[in-house]
Amino acid sequence: MLRFLIKRLLLASTTLVAISIVTFLLFFAVPTSPAWVMCGRNCSPERIAQVEQSLGLDQPITTQYTDFVKGVFAGRTFDDAGTIRECDAPCLGYSFRSQEPVTDSLARTLPVTLSIVIGAMVVFLTVGIGLGMLAALRKGSVFDRVAIGASVGFASTQTYTLGGVLLLVLVYSTGILPNPSYTPITENPLAWASGLLLPWITLGLINSALYARLSRAQMIETLTEDFVRTARAKGLPARTVNRRHALRAAITPLVTIAGVDLGSYLGGVVITESVFSLNGIGRAAADAVADLNLPLVMATVLVAAFFIVTMNIIVDMLYAVIDPRVRLG
Amino acid sequence: MRRRFGALSAGVLTVALVASGCSETTNSNSGGDQKAKVQTGTIATDPAESQGPAKAVQGATKGGVVKLLHAAEFEHLDPQKIYVSDALSMATQFARTLTGYKEDGTGNLKLVGDLATNAGEDVNGDCKVWKYTLKDGLKFEDGTPITAQDVAYGISRSFDPDWGDGPTYLQQWLAGSVEYNTTYKGPFVSPNDPIPGVKVEGEKVLTFTFPAPQCETPYAVAMPTSAPVPKAKDTKGDYDRKPVSSGPYMIKEHAYDQFIEFVRNPNWDAKTDPIRNAYPEGIRVEFGIDAENGANRVAADAEADKTAFIWANVPAAVLPKTRAPEFKERVKNGPSQYVEYTYINMDRVKDLKVRQALNWAVDRDAILKIRGGVDTFGSTLLSPTIGGYQNYNAYDGGPTGNPEEAKKLLGGQQITLTYAFPNIPARQQMAAKTKEVYAKAGINIVLAPLDPNSYYKAVGTKGNQYDLIRGGWGADWPSASTVFPALFDGRTIRDSGNQNLAYMNEAEVNSEIDRIKVMKVDQAAGEWAKLDKMIMQKYAPVIPQYYINNYEIHGSKIGGTFLSDSYGHMTLNTMFVKP
Amino acid sequence: MTTSTSPAAATVDPEAYLQVRDLRVQFPTEDGLVRAVDGVTFSVRRGQTLGIVGESGSGKSVTSMSILGLHNPDRTKISGEISVGGKNIVGMKEEQIRRLRGKDMAMIFQDPLSALHPYYKVGVQIAEAYKVHHPSASKKAATTRAVEMLDRVGIPQPQRRANQYPHEFSGGMRQRAMIAMALVNDPALLIADEPTTALDVTVQAQILELLEDLQREFQSAIIMITHDLGVVSQVADDVLVMYGGRPVETGSVEQIMKRPQHPYTWGLLASVPSLHGDANVDLVPIKGNPPSLINLPTGCAFNPRCRYAGQNGNRSFSEVPELRSAGEAGHQVACHMSFETRQRLYAEDIAHAGVAQ
C-alpha cells in the first residue's frame, strides 16, 4: 500500500509538473500580451513595456517558469505598482486582475465549487444509482421504461437549458426557490443549502441520468452473476440478496466513475457556475483565460489537474478497500 | 474616453471589449420612458447652486438597502485609478470630487462645486489659473477633516507611472505634456518633489496653474482624479480594495469578486452636499451576476429583489418582457455619451467621393435592427448628450440609406474595402450586415475579424491594412472637447496606440480644434457643433452608425432614480427605497 | 429409485424425500417458447444419490434450479410437481420456498470462484447461510458454526481460513467451502451441479469422497448433475440421462453403465476417458451439437446425431419416443429401436471400446 502510494504520488507530481510546463508554453503561444489587455486602448508602447515589466513578462520564459516553481516551494515577492507584496509558499503566482496572490482567489472560489459539486453529487449518486438499481430490479416494467426514458431525456439536456428553464420557472416566475447564491456553510448552513438547491437539482438531475443508466446496466449484469444465485440458494430474502450481494458488487465500477467525475468537477463546473451566477473556480478559470491572467490560469489548471490526479489515486485505493481481490502494487 | 461597463464576464476583458460597446437587443420599438432630450449641461455660475443640502426628491423616504446586481467586480475602487463607467457611478457615493454633476432627470445637468464652494474660479479669466476653495464641515469616514492637502495628495497619486488606468486630463494639463510623468512621478517615486502646477494654501485653498488655457478644468476635476485621499491612510495597492470614503457611504465589507457592503458614513454631512440625497441606509453590490440573470431577477421582482437594480443594458433575451406596460416605471431608457462609428482609414481611402458614397449607402435601420432596437438612429459625430449638440445628416439617404446616390458618386467604379472588427458574436453580426448593405451600392466588403484582446493594438497602428475600422467613442464629460481633439487632431497620430482611427490629418480641422479649445465652455459648445458638421460634409472620415442607448431596470421598490447624463447609469444620488 | 414401465405414468417412490412428477419448465422469449424441461419424472430417497447426466442444454441444470425454486416466476412457466419432504414447491409462494432453500435443500455450484461472493470472507458467507435460517442464533454462534463446517469438510486451520476471502483459497478448498456452506443447515436434499468440473482430477476424487462421506453422515438425498459419466459411476445409485429437455434413459448406475440402451448414453460413455483403456481409441465425442430448445427436431430429438436413426422406417423423424422398459426392472429407455437391435448394436459397435468401470 505504502509503496503503491509513493509510486503514484511520484507519478502524480510528474504529471502536474508536465501540465504546468505545457500551460506555460501554451500561454506564451498566444500572440496577445496580457499587457495589451491590461493597458486597454489608450496605450503607448512605453506604457506596455512598463506593464510587462511590472508583470515580469519581459523575462525569458525559462526564468518566469523557474520563478514560478521557486514561488511554489519558497514563496516570492511581487512588485505591484510600487507596493511590494509577499506571496507565501505555496505561491502559485499573483493575479494580474484582482492584485492578490492567486491562492487567495482559489481560497475564495474553491469552497463555492466544492459546495456545488458535493451537493450535486449527493443528488446524482442517490437519485441516479437509486433509480438505476430499482429499474434493474424491475427490468422491463413500466417503472423501468419511464425511469430510463426520463434519464435519456435529462442526459440529452444541457445545464444551461435545464438550469435556465428551472431558474425561469422556479425562481423568476414563481419564486418557489430563492435566487441561487453562496453562503459559507460555516456561516449559515440553511442559507448555504437553500442558495445552492437549484444548482444541485440541475447538475444532479443531468448527471443522475447518466448514473441511472450506468448503474442499471451494471446491476442487471451483476444479477446474473453466480454469487447472486448462490445468495438466493442460501435462502436469503430478495432484499438482502439485492443489497448485500448484488448492489455491493454493482456499485464498485461506479465508484471509479464517480471519483473521476468528482475530480474533474472540482476543477470547476463553468456552465453551472455561470448559469446560476456563482463565483466558483470554473468561472474564475474561464475569466482568467479571457483576461490572459496567466497566474490564475496556471493555478486553476493545476488545481483541476491536482483534483483529477488525486481522485484517481483515491479511487484506486478505494477499490482495494472495496474489492479484496485488488492488490496495490 | 472612459470605458463603458458592459455585459461581459470579467474585468480586463471587459475593458478591451467594452470599448466596442456590446449590448444586444432584439426588438425595435423601445419602451420605458425614453425622452428625446437635448443636453443642457452647463457650469453653474451661482455659488448658491453648490450649496447643500441637495433638493429633496418628491415622495422620497429614508432607509432601506438598495442592491446592485453586477456582472463583475469593479476594475478599480481607488479613485485615482477608476475610469470605467460602473465604478465612476459607484465612486460618486464614496469619493467626492472638487466639482460634481447635479441632475434632476429632466436633462438639466449642472456642474457645481462638490467639495469646493463653486465649480471653479478662473482667476485671470484666461483659463490658465483655477482656484478651488473647500467647504466647511467636510470629513473623511474616520472623522478627520478633508483638507486641500488631501485633494492635492490624491491628484499626486495619479502621476504614478504604474497607475495608468485613470483619466489623464488633469495630469497632462498640469505637466503641459501628453507624457505627463516623465519628471514628476507621484508621491511614491518622487516623495519630495512638488506636484507640477498644484499649490495648496492653508487648509482650504487649492490652485491649479496650467501652461496652456484649460477652460474645461471644472469638468476635469469632476472626475475622481480630484478625490481626496488621506496620506496617513494610503495603503497604496490595497487602497483599491477599501478606499477611505469622503462621500455618504463607506465600505463596511468587501469580499473581492463576491460583494461589497456600503453603509452610511456617519461623518458625511448632508449640509455640505448639493448633489446627493443619500436616502438608503446602505448599498449592497453583488458580483458575478451577469446581465441576463440580473435583468431576469429584477424583472421577476421577487421580494428580496424589489430593491435591486442593474447597471447594464437589459439583454436581448429579457428585453421583450420589459417592454410590457407594467415595466414602464421600472425601465430607464435613454441616450448615452457613446456613439458607434465606422472609421474610414484616410491613409488608404483617399478619395472623398468613396467616403461620401459609404455614408450615402449606410443602412442604419438594418444595423439598428441587428442591435435590437434599443439604440437611436445617429448621423452626427457627437452624441445628443454633449453640450451644443445639433442634429443633422450630411448624406441623408433616409433611414435605410440611398445606394443609388452612392453608385452615382462612384461613377461605376468597382470598389473592394476591408472591414476590421473585434471577433465577437455581436460584431460578427454587424459586420455581416455591413457587407450586405454595401453590396447594394456595388461596394465589396472583405471582412477582417481580429482578436478582440489585441483589436485596438492592430487598428491603432499607423499603416495598418484596414480600410474600414469598427469603433466608438464616449465623451468623458458633456463637452465635445473630449471628442474632437482625441479623434480628429492629425497631430496626435503616432506609430501605434492611435485613437484617430480615421488617420485624419487636415490642417483646417487641426486649427479649428486649436481655436475652439481655448474658448470658454458656453461659447465653445456651438463652435464644436459646427465643426462636427463641417468635418462630415467636407471630409467624411467616419460613417456614424447610431447613438448607443442605455436601457436599465430596477425593482418595484426603488424610486427617485434616472439615467445619469454624466456616467450613463441609473444614479444613486437621488435613489430611494419605497416604503 | 423406481420407475414404471408405463410411459404415460412413470410412477414415483412415494417414500422418497424428493419426488418430481412430469416436470415441465418453459421460458417464453422473443424468439419463441424455450422448452427447457419437457416432462421429467424421478425421485430420490434420503441417503441415495441420483446422477442426472447430459450435455449442456439438456435441461439438467434447469431441473435442479426448479427444485430450488430459483426461476423467476414472472418469466417461467412450470408445471408438474416437485415434492420436497412432502411439500410441493410448484406454485408455492416465494417466501415459503425461500424458507426451504438452503435449509431443507441446498445446492453446490460448478465454479466455486464465481459462486462465492468475492467481497466477503468465506466464514462470513457461511455464517450468513446459517444465520438466515437460524435467526435466533448469535453472530458468534453462526461464526463458530461456520468454522466447524469448514473443519468438517476438511479445511485445515479453519479458524484462519474463515477469515480469508475466496480468492485466497485453492480451487479444491473453495469447493470444500462451498460444500460447507451448503451443508451448514443440515439439508435433507443436496443438489450438486457439476461440483467437480472446474477441478483437477485428484481434487475431483477428494471432493466426491467428501460428498459420499458427508452423505453417510447426514443421510442426505443427493442429486449429482454432471455431463461426466465417470463421476456418476463413482457416486450415483441411480442415473437419469437427459437430452433436449427430456429423459432418454434411466436406471440404476449398474444398468446405465454396464448395459446402456440408448445411443446417446452410448455416446456419453464413449466420450468418457477411461483409466484403463487406451486413450487414443477411447475418446469418441458425440458428433454434432445439442439441439435448440426452441426448435427441437421432430421425432426423436437425438435423430440428427444418431447413427442408427431411420432403422424403423420414418419413426425416428416423426414420433417422439416414450420411456419404456428396457428389460430389467427400473431400467427405462426412450428409443424407437427394439430391445434386440439395441443389444446387438451395443455388442457390435460399443462394448469393445470399454468405458470407465
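Helices (H or I, at least four residues) and strands (E, at least two) are DSSP runs, numbered from the N terminus. The model on screen is predicted: local features need pLDDT of at least 70, side-chain atom pairs count only at pLDDT 80 or more, and totals for chains, interfaces and linings use all residues. Residues are numbered from 1 along each chain as its sequence is written, and chains are lettered from A and ligands numbered from 1 in the order in which they are written.

Start with residues 296–322 of chain A. This span is 100% helix and 0% strand, with its end C-alpha atoms 38 Å apart. Next, select 112–134 of chain A: again 100% helix and 0% strand, with 33 Å between the end C-alpha atoms. UniProt (unreviewed entry) lists both spans as "transmembrane region", along with 9–30, 146–170, 190–212 and 249–276 of chain A. Such annotations may be inferred rather than shown by experiment.

Zoom out to chain A. It has 13 helices and 2 strands. Its C-alpha atoms fill a box of roughly 85 × 55 × 40 Å along the principal axes.

Now go to the side of chain A that touches chain C. Here 18 residues of chain A are in contact (C-beta atoms, placed from the backbone, within 7 Å) with 22 of chain C. Select α9 (226–233) and α10 (238–266) of chain A; each supplies at least two residues of this side. The largest share, 6 residues, comes from α9(A).

Notes: Contact = placed C-beta atoms within 7 Å.
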